[in-house]
Structure formats: C-alpha cells, structure tokens
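Welcome! Please take a moment with the sequence and the structure below, and then we will walk through a few helices and a chain contact together.

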Amino acid sequence: MKATRNIGRRCGAIAVAGIAAGLLLSAGAALAQQPKVKIGLMLPYTGTFAALGTAITNGFKLAIDESGGKLGGREIEYYTVDDESDPAKAPDNANKLIKRDQVDVLVGTVHSGVALAMSKVARDNNTLLVIPNAGADDITGPLCAANVFRTSFSNSQMGIAMGKVMAEQKKKTAVTLTWKYAAGDESVGGFKESFEAGGGKVVKELSLPFPQVEFQSYLTEIAALKPDVVYVFFAGGGAVKFVKDYAAAGLNKTIPLVGAGFLTDGTLEAQGDAAQGLLTTLHYGDGLNNPKNNAFRAAYSKAYKAEPDVYAVQGYDAAQLLIVGMNAVKGDTAKRADLVKAMEAAKLDSPRGSLALNKGHNPIHDIYLRKVEGKENKVIGVAVKDLTDPPRGCKL
Amino acid sequence: MDIYSLLIQLLNGVQYGLLLFLVASGLTLIFGIMGIINLAHGSFYMIGAYMAFTLASLTGNLFVAIVVGVVLSVLLGIVLEWALFSRLYKRDHLEQVLLSYGLILVFEELRSLIVGNDVHGVAVPAVFNWSIPLTSTLSYPVYRLFMSAVCLALAGLLYVLIHRTRVGMMIRAGASNREMVSLLGLNINLVYRLVFALGVALAAFAGMIAAPVSSVYPGMGTQVLIICFVVVVIGGIGSIWGALAAALLIGLADTFGKVLIPEAAGVTVYLLMAVILLWRPEGMFKRVG
C-alpha cells in the first residue's frame, strides 16, 4: 500500500549534479583553510523507531560537545535525514547525504535493512560510515569494509552470551522462539552455538512470521516439550505481549524465560508483573556503576532533561570513535588510511565499559547479565567478558 | 503430538478464530453489508485499544472504560459518516480507498501526537485475572475464555439485528437498492449513518476488549486490517454466519499451520483463502439480499 514513485531518473540527475558539484567543491576545499567537517545523520526521526533515532542523535552530540564541539580541530556541520526506517528509501536517502551534501562521515541507523543499504552505498562511494545501532551480523561479516564501523552490537552477540550463561547453569535442553527475520535468526543462532558448545541441546527452534503476535499455539508446544529454558528474541509490542502471554499461561512458574535484552528494554512499564525476574543479556543496563557511566548519565540528563538509554550510549560511542580517528589525523579526512587505522586501534572508555573493535569493525565489549527488578533491568553480572564474535566471512 | 496437546491446540484455534471474528465484525457491516471499502477499519480498532488504555487508567476499571469508549466511538462514527463517508456512497471504490487510507495516516499521526509512540499494557480485570490449569505446565487464562464468550454473544446479536429485525431489513434493502428504499419513504441516510457508527463502535469495542491480551502499540491497526478483509471475503460478503465460519476456519488453519508446518506458517491462511475463492468465488456463504 506504500506509495511508489519513479526515482530512477531523478537519482541520475542528482548523481550527475552531485559529481559536478563535488569536483567544484573539492577544488575549492583544497584552497580554503580547515572547512567544517560535514556529518550526515541518517536516522529515524518518525515512526516506531523515532525515540531511538533521537536518543542516538542526543548521545552523539553530547560526546562532540564534551570535546569542545570540534572533530580533529575542525568545526562541525550536521546534515540530517529522516530515514523513516524504510529500506526502500535507504539508497536514495544515503545518496542525498553523500552526493548532494558531500558529507565526510555518514552516521546511521537503527533498522538493519536500512543499514545494509547504507553500507552498500558507503562502500560504493568509499564514504566513512559509523553504525550506532543496526545489528545485522553481515555488516561486519561478509560485507565488512575498511570504511564501515559499528559501535552498537551484532545480533548474535546477545544470543552467544545467554547461551553460555544457560550452559553454565547446567541447563540441558532449550526451546527457542523468534520472529522469522534476520535479527531473530542471528540472535537464536548465537544462542544455539554457545549453548550447544557448553553441553546443552536446543530441542526445537520455533519461529513465527514478523510481526505476528498470536503466541498461544507456541506456548502449548513449549508446555508439551518441557525444556529447561526458553530463549526468545522479541522487541517492542511483540515483547510486551509475549512476556504477558507466557506468564498468563503459567509457564513462567516452571520453565524460565530468557532473551536478548530488547525483550525487556523500554517495555517494562507495559509488561508489569509478568516481567519480574526475567534474565536478559545486553551490553548495557541499569545500575552499571563505573565513573564514565555516572558522568555520562549526569551530563545527558542535564543536557536533555531525560534519562539516557542504550541507544544514547551507542550514539555517544559513535562520536567518541570518530573523535579518536579525526584527532589522529588532525582533521585531515584525506588521510583516510591513517584515520581508519586509528579508529581500528581505538580503546574507548564507554559508559557501557571498555569498547574496542574486532577485525570486522564490530564491538568487543562486555555483555551483561541483567535481571528485571521493578522497572529496572539491573545488571547482576558479566555474562561474557570482552565478547568478540568471530567476523565470519570478513576479508579485512 | 498427543491427544491432549491436540485438544489444547484446537481450543487455541477456536479461541483465535473467535477473536478474529470480533475484530472483523465491524468490517462485515461496513464493507460486507454497506459495500464501503474502509481501510481505516484497523485504525478504529487501534483507537479502541488506546481508548481502553487511557480510559482504564483514568477510571481504574476496564468495563467502565469500555462503556464510555463505545459511546465515544459511536459519536466518532456518526461524525465521520456525516462529514466524509456519506459523500462517497455513489462514487468509485477507488475514492473510498483513498479517503480511508488517508484516515489511517491521520489517525496514526494523531495517536503519535496525543499518546506518543510507547508500548502500553492494559491490566486484565481482576475478576478474570486467573488461569485454569490444563496440564502440569500449562494453564489457560480465563480472560481469553471470557473474550470468546463475548464474541459468540456478539455474533448472535448481529445475526438477530440484521436478519430478524425491521432495522435489519432496512439495512439489507438499502444495501441492494438505495433509491428504491428511499422512494418507499424510509430515511435511508439515517439508517446508513447508524450502521456505519455501529461498525466503528464494533471495531473500537474489539480493540478495547482485546487490549489486555494484545497490549497497545503503534501500528497495531494495520496488523489486523488485512486479516479482517480475508475473513469478510472468505465468509461471503455480507454474511454474519459466513464471517464467523471464516474466522473460525482461519483461526484453526493458522494454529495448526504453525504447529504442523511451521516453515509455511505465514502463508497457510492465504493459501486457504486462495483455495476457497477458487472453489467459491462469492465466498462460503451467499450475499444477503
């Protein structure tokens, strides 16, 4: 039902105009003294993920402001595009920023489908891209590139961490349930891999089409299979409904439910009592007591009159990573190889803890084990210290 | 699968089917009987769910919220029919599609402005907030059984209204020939306005009563829209029993599709629709009037 339009011709025109403008601009830039660094923020500012886009933007700008509002000594100019979480519009939107606005750095986005399209455009144009959320494994796997970085997580990381914890708790059998799409498959895949490596067995992998929320038949199957634990990947409205249905079916009394952190992030208000005691894994959580996090939380709530969440942290770290890179080349984006090298070697002091990057430019960080207490996802321990998922298929 | 699981899955299927009927019942009236293509049906469902959330947190009682919500949605229906839909009865279906699609966008934006984009839960009323143990591990929430009972009662009431009352006769007559009915001296405009309002109220009612189990979130309306049209089309346009039978069939197909052929869970319902429409292009039950 989405409106379609013929964008081919317009795209071509923009591209030609963009190349022409680009030639003129780069000639001019060589003469001018230290022009502004152009940063393209391509994030969702409307729709379901609007709040995430805003949190990422806030976190990003906070880190920049803390370092004097500059990158490598150069002033900054922001170009913003609302990607509407629409993969169909993603190539066009990314091209707008790269070809029309001539951004030096592209930052985005939340939705994995959009991020995959962005990473393709960024690779084709050799534009520096920093991804502050989208977790598709492929971006830092087979599709990895020297100019593409990620400061958030990859989908399989949360599953890997939870699988390990459950195996350590001597759980023998597990059933997994997820929406049938890339993020869910990758998360469940990670769980299966580490759970079975630790001696457990995934007895059944259930899935339903995205974004269906009729779970009753799956709950009946889980009850019949009686596994030691159930691992799920759901987010938003689906996460609320699943957790409530699971409790209403009485399953939470006999079979523990665990999941990737998104199961209980931003949803606790709606889940109420049904979520109490649930264990989840994520790279951030409530009550994380380190100096950087405390300072970050204070600065964020002062600047934006709101509490930061994991998305704000990811945006903050995207900016921190760029600061390291740009400082290393003193703002000279032409020295791309040195810039990339500095970013690859960066050891960031993130609110989540320490943050480094693996060969595929994906985060190496602690994944926390969290327990729902009241309206908080309390960090109760480290599930995996410095988790690095193998950059499968990455040729860097 | 043992016999016990089979029975429980059967219950799941029937229960889901009844819920589908509840959600689609308003569309049976507006699309099935009045013949207006109303894509905003899902929005009315969404509005109902959000009303349940807001009114229940204001009044502290879901049932009070439902009564107030039904009154409000009847008013909304009357206003919409008077201001917009009444102008389109004689026009092309495409224009009805455009109008109601526009309404989806308007209502989503209003929802975002007024209530925001967060996910909300609605508490199950205390009377029904318990479960019946079925096996050692599985219990069945009583609220779901209550919902099923409401759906059955509603199906009965709708049948009586459309097929056994004078008003129902007028509605059916109006659906087959508007001009003739007004020539006979009946105020067909008023009848249509009321039926449209009833359709809106039914959709909102479905949203309200389903809110405790479905939770309340952006985009929930568009999720139910397509399945509602499937129910009405399979059932045979304009037939209450047809819609009920179709809803049950879809509920069972969906449930057993998920259990028996999980790889194809997404398409079982639409396969069923294709088969039924090949077998009976008019739907399972014939058109009224």
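Helix α5 (residues 142-164) of chain B has 23 residues, and its first and last C-alpha atoms are 32 Å apart, close to the 33 Å expected at 1.5 Å a residue. Helices (H or I, at least four residues) and strands (E, at least two) are DSSP runs, numbered from the N terminus. The expected span is 1.5 Å times one less than the number of residues.

This is a predicted model, where local features need pLDDT of at least 70, side-chain atom pairs count only at pLDDT 80 or more, and totals for chains, interfaces and linings use all residues. Residues are numbered from 1 along each chain as its sequence is written, while chains are lettered from A and ligands numbered from 1 in the order in which they are written.

| Helix of chain B | Residues | End-to-end C-alpha distance | Expected span |
|---|---|---|---|
| α5 | 23 residues | 32 Å | 33 Å |

In α8(B), 22 of the 27 residues are buried (20 or more other C-beta atoms, placed from the backbone, within 10 Å of a residue's own). A kink of about 30° lies at B:Met208, shortly before B:Pro212; the bend is the angle between axes fitted to the seven residues ending there and the seven starting there. After α8(B) comes B:Ser215, with a positive phi near 60°.

Now to the partner chain: 31 residues of chain B are in contact (C-beta atoms, placed from the backbone, within 7 Å) with 35 residues of chain A. The largest share of this side of chain B, 5 residues, comes from α1(B).

How values were computed:
Buried ≥ 20, exposed ≤ 12 C-beta atoms within 10 Å, placed from the backbone. Contact = placed C-beta atoms within 7 Å.
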